[in-house]
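Me: I am new to reading protein models. Could you look at one with me and take my questions one by one?

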Amino acid sequence: MNMLVSMFEREYVTVTNFAAQAGMMTLPGDLSEPLAMGCRRVRDRRGHVCWLGMAAALLIPLVGAGCGQTAAASYRLNLVESAKQRLRPEQEQQVATILAALFGTPDEPVALAECGLDEAKLKLAAGPVRSDIVGRKNGLYREHCAHCHGVTGDGMGPTAAFLNPYPRDYRPGVFKFKSTERADKPTHADLVMVLRNGLAGSSMPSFALLSDAKIDALAEYVKYLSIRGEVELALMRAFFELDDEDQGRLPDDREFLIDEILLPVVESWQAAEDALIDVPEMPTDIDLADSIAKGRELYHGNKANCVKCHGVTALGDGQVNDYDDWNKVVVQAHTTVQGGLERAGETSTWEMDADEVAEYRAELAWLDRYESVLGGNALPPRTIRPRNLRQGIYRGGMRPLDLYYRIHAGINGAPMPAAKGTVPPEDIWHIVNYIRSLPYDFNGTLGADKPMVARDRL
Amino acid sequence: MMTRTLRIFSQRLSVAPQPRWVGCLGLAGSVVVGLAAAGCGSAVVSGPSPDFEVARALRDELGASTSETETADTAPQGIGWATLKGRFVFSGSPGAAIALVVDKDTQVCSKDGMKLYDRSLLVDESTKGLANVVLFLRNSSRVKSEVPTESLLLDQENCEFLAPVFAGRVGQPIDVKNSDPIGHNTNIAGTSFNQLIPAGESTIFTPARETGLPVTVTCNIHPWMKAYAVFREDGYVAVSAADGSFTIPDLPAGEPLEFQVWHERSTGRSGAVSLEQPDLKWNAKGRFKIELKADEVRDLGTLEVPADAIKG
């Protein structure tokens, strides 16, 4: 039964996506995602009920598509953050309205002059997939990206749950693979490179067949979605900072919205172009074999400490019970809800006065809402997987330079720390050389169940 | 709307202990509603939708206006400086100390049978003092001291951050040090600082932005290592000592001040601590307002944190 249902669910997602593609946005990601998730929740407890839901879900897009009209796609609010911040519905609506003012809609993006974004490029990437009168194709983001990254760029497109690793959620404004220092944003060229090469070992494909102009437009649109998402987070967090006199409403003047909220985000993107990592030449006065030997000692030693996460075998089997920043948000939210429900379960309302009872109920209602938001608007958290360095597959590129960037600055958003400052550049180069030797370091007598300590072997 | 209806029904189903047929009815109902709503031209909405009229007006307004240069500060400004002090005590029982699971680098982290304990609730046995309560000023109109140039020390030894809660000032360098014979990394949430600190070495970190509420400081190599850090622009921040006492000197006098109070294990919003005091009104976000006279040393006395304000 369960298998049938999950088969059905998959089928359903395919059909709705197909309908969405065919009807060109009769069904934006926004409808299909919550529907599929709602069903998953229901299925957990009452399998058969969902059949009805399925049937309905199958019917709706068909009916909708029949009209030949396109419903406007809409952005999804970051409900996980809004639940965390305990926003009331009218506060959520204020955030949505401010975001619409600053960024427009998925069909009609807006870039205020302060954003420093090219609105013409955004228009090429945004909106439903279509060709204009001169035959130029528009709606590139929804054609190529939205099914994984979501219309909102929240990494929750309809296919996201089936991918490992999950597609990137742009909203926190954190990107892993870049040529800039750890705390800095990627450059435009970094984004273009990811689009052109894809990310080896993940589901992110190469879009090298697209023209430069199209890739350029998509990179610009990713920036736009990321700035929008970061502004959304800042707005939601700003409610906690409000004074009592503000009565739970954010100010809507320029000083607050532009100077305090938007500009810091925009400036961090603009600063990225000047934050390139300074890479010294690879040392040439040392034999490669000696450099590799030095790198091996560093890998296993107390200074660089790579061994702690990537393992003595370099198979990526060291520290594996940690989470990256995106998953940590969800893990912490689950902990909050669980702890809150446990405490509520131990509380007795017997001796409470009316105010305390009201407070208790409000707390329960909030926990309830938080729980259902997590069920429908977040993917199940996954632990990190330190890279298996014996495969020679590196997400952010396989050039020695790419590996240098990763070790120098660490990987932002992931537990991988920066070696900058405490490990000298020539030592980083030795580690790069050692890492690059690992995929070829093969011992024919090795059994799969008995990985050998890499240090003992060479 | 349709989506929301469906989702609400599915939530109901998974939460409320209703008989199955009710659920069926619900879903069937939502199907009908959904079909009706899916009529031509209706927008599919998830979550609250923006008010586009207001949004357009707001956009025009933002486009038309320019940022005014430093509006005259209407907030009353006083003269002179004052000191605020007090002592937090915990009226409940802290319970037995919980030993942490130390499963890496045990030759250092649990040498000679040494154990590490959870430090999220430290109560002084004799004085009942509650340690590591954070108290900071939210709205300083003026600051007495310049940002110091000498660095603060954030040290770790025996696989533990020495300070469970660390307070710093924006712009003041922090010497992040590792006094252990093994390597650590120090990862300060929200700052993108995550740096390898080899055995016996240190590196400088200068916070560039305020943190608001404290953020976590962790070591990813040794997952049990956890501390908190708070960075403030004006440096008006205190962390209560082992006996629960705190002092913030050189506060602006003669003007309303608002303080934020936080503790890691507080049941309040995001760790906010709200107390019921006869002469000091605290709001639900863990804040109280107070005005000090020039050269005054105001002692808030004993601030009692009730047992149910701390997560058990």
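This is a predicted model: local features need pLDDT of at least 70, side-chain atom pairs count only at pLDDT 80 or more; totals for chains, interfaces and linings use all residues.

Me: How many bridges join β13(B) to strand β14 of chain B?
Reply: Strands here are DSSP runs of E with at least two residues, and helices are runs of H or I with at least four, numbered from the N terminus. Two strands pair if DSSP finds at least two bridges between them. Strand β14 covers residues 287-291 of chain B and runs antiparallel to β13(B), and the number of bridges joining them is five.

Me: Which residue of β13(B) is the bridge partner of B:L137?
Reply: Strand β2 (residues 134-137) of chain B also runs antiparallel to β13(B), and four bridges join the two. For B:L137, the bridge partner in β13(B) is B:F259.

Me: Why is strand β13 of chain B largely enclosed by the rest of the structure?
Reply: A residue is buried if 20 or more other C-beta atoms lie within 10 Å of its own, exposed if 12 or fewer, and partly exposed in between, with C-beta atoms placed from the backbone. Strand β13 spans residues 256-262 of chain B, and it is largely enclosed because the buried residues number five of the seven.

Me: What is phi of B:S270, and where does B:S270 lie?
Reply: B:S270 lies in the loop between β13 and β14 of chain B. B:S270 is partly exposed, with 17 other C-beta atoms within 10 Å. Its phi is a positive value in a residue other than glycine, near 50°.

Me: What percentage of the residues in chain B are buried?
Reply: Chain B has four helices and 15 strands. Of its 312 residues, the buried ones make up 37%.

Me: Into which domains is chain A divided?
Reply: The bounds come from an automatic or database domain assignment. Chain A is divided into domain 1 (2-66), domain 2 (79-272), domain 3 (288-322 + 385-457) and domain 4 (331-373).

Me: How many residues of domain 2 of chain A are in contact with domain 4 of chain A?
Reply: The C-alpha centres of these two domains of chain A lie 33 Å apart. Two residues are in contact if their C-beta atoms, placed from the backbone, lie within 7 Å. On the domain 4 side five residues take part, and on the domain 2 side the number is also five.

Me: Which helices do the buried residues of α5(A) pack against?
Reply: Helix α5 covers residues 89-103 of chain A, and its end C-alpha atoms are 21 Å apart, in agreement with the 21 Å that its 15 residues should span; the expected span is 1.5 Å times one less than the number of residues. Since 12 of the 15 residues are buried, α5(A) is largely enclosed by the rest of the structure. Its buried residues include A:Q91, A:V95 and A:F103. They pack against α4 (79-84), α10 and α11 of chain A together with α3 (52-64) of chain B.

Me: Which helices of chain A do the buried residues of α17(A) pack against?
Reply: Helix α17 (residues 425-437) of chain A has 13 residues and reaches 19 Å from its first C-alpha to its last, close to the 18 Å expected. Among its buried residues are A:W429, A:H430 and A:Y434. The buried residues pack against α12 (288-300) and α16 (400-409).

Me: Which residues does A:S202 touch, not counting residues up to four places away in sequence?
Reply: A:S202 has its place in the loop between α9 (188-197) and α10 (212-241) of chain A. It is partly exposed, with 15 other C-beta atoms within 10 Å. With those sequence neighbours left out, A:S202 touches A:P165 and A:R395.

Me: What kind of peptide bond joins A:N164 and A:P165?
Reply: A:P165 has its place in the loop between α8 (146-149) and α9 of chain A. Omega is about 5° for the bond joining A:N164 and A:P165, and this peptide bond is cis.

Me: Is A:Q247 buried or exposed?
Reply: A:Q247 lies in the loop between α10 and α11 (254-272) of chain A, and its phi is near 55°, a positive value in a residue other than glycine. With 7 other C-beta atoms within 10 Å, A:Q247 is exposed.

Notes. Residues are numbered from 1 along each chain as its sequence is written. Chains are lettered from A and ligands numbered from 1 in the order in which they are written.
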